[in-house]
Amino acid sequence: MNRLNLEPLWRAVDLVELARQIGVQLKKSGKAWHSACPLHGGDNPTAFVIWPETQTWRCFTGCNQGGDAIDLIKRWKGYDFIEAVRWLADWSRIDLTSLNWSSEAIAATERHMAVSDLMQRAAQV
């Protein structure tokens with residue numbers, strides 16, 4: 001069962017640059033970048049943190065969310081996983097065929113993501 005190959009996307013997307021492109025006003029502090037959370041509109045200038053080394057982010061206040069570039073676009077645009085991948089591929093000028101883009105791969109990836117999501121929720125209980 002082939003899933004989407006997201007490696008070309010991960011290599012092309014810089015989360016700090018992506019956040020700036022969508023209007024996040026970031027300030028560097030140590031190895032991380034901070035801002036008010038663009039997702040819930042908070043005013044705490046250090047609530048939203050991006051760690052460039054891991055290409056991950058987290059809001060430590062209002063929405064208490066975090067993740068990678070796909071998660072950021074999902075929450076910012078209200079997209080599902082596939083829509084977010086498509087948006088990021090377009091933004092980073094990645095050809096969808098390099099991601100193994102096919103209906104079979106999309107379906108397999110969606111199934112995998114659904115199982116992963118269930119496992120994460122179960123671990124929080």
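This is a predicted model: local features need pLDDT of at least 70, side-chain atom pairs count only at pLDDT 80 or more; totals for chains, interfaces and linings use all residues.
Let me start with a term: helices (H or I, at least four residues) and strands (E, at least two) are DSSP runs, and they are numbered from the N terminus. Counted in that way, the chain has five helices and five strands, and from the N terminus on they follow the order α-α-β-β-β-β-β-α-α-α.

Residues are numbered from 1 along each chain as its sequence is written, and side-chain values use heavy atoms, with hydrogens and water left out.

Turning to overall form, the C-alpha trace spans about 45 × 40 × 25 Å along its principal axes. Of the 125 residues, 35% count as buried, where buried means under 20% relative accessible area, exposed means over 50%, and partly exposed lies in between, with a 1.4 Å probe and protein chains only.

What lies inside? A nonpolar core is a set of buried Ala, Val, Leu, Ile, Met, Phe, Trp, Tyr and Cys residues joined through side-chain atoms within 4.5 Å, and the largest one here has 32 residues, with Leu9, Leu18, Ile50, Ile70 and Leu88 having the most contacts inside it. The elements that give two or more residues to this core are α2 (15-21), β3 (48-51), β4 (56-59), α3 (69-77), α4 (81-91) and α5 (103-124), and the largest share, seven residues, comes from α4. In soluble globular proteins, nonpolar side chains tend to be buried together.

Take Leu9 as an example: if we leave aside its neighbours within four places in sequence, Leu9 is in contact (heavy atoms within 4.5 Å) with Ile70, Val85, Leu88, Ala89, Ser92, Ile94 and Leu99.

Now the aromatic rings. Rings of Phe, Tyr and Trp (its six-membered ring) pair if their centres lie within 6.5 Å, and planes under 30 degrees apart count as stacked, over 60 as edge-to-face and the rest as tilted; by this rule there are four aromatic pairs. In one of them, Trp76 and Trp87 have ring centres 5.9 Å apart and planes at 75 degrees, so the pair is edge-to-face. This pair links distant parts of the chain, with Trp76 in helix α3 and Trp87 in helix α4, eleven residues apart. Trp76, Trp87 and Trp91 form one aromatic cluster, and Trp76 itself is partly exposed, at a relative accessible area of 32%.
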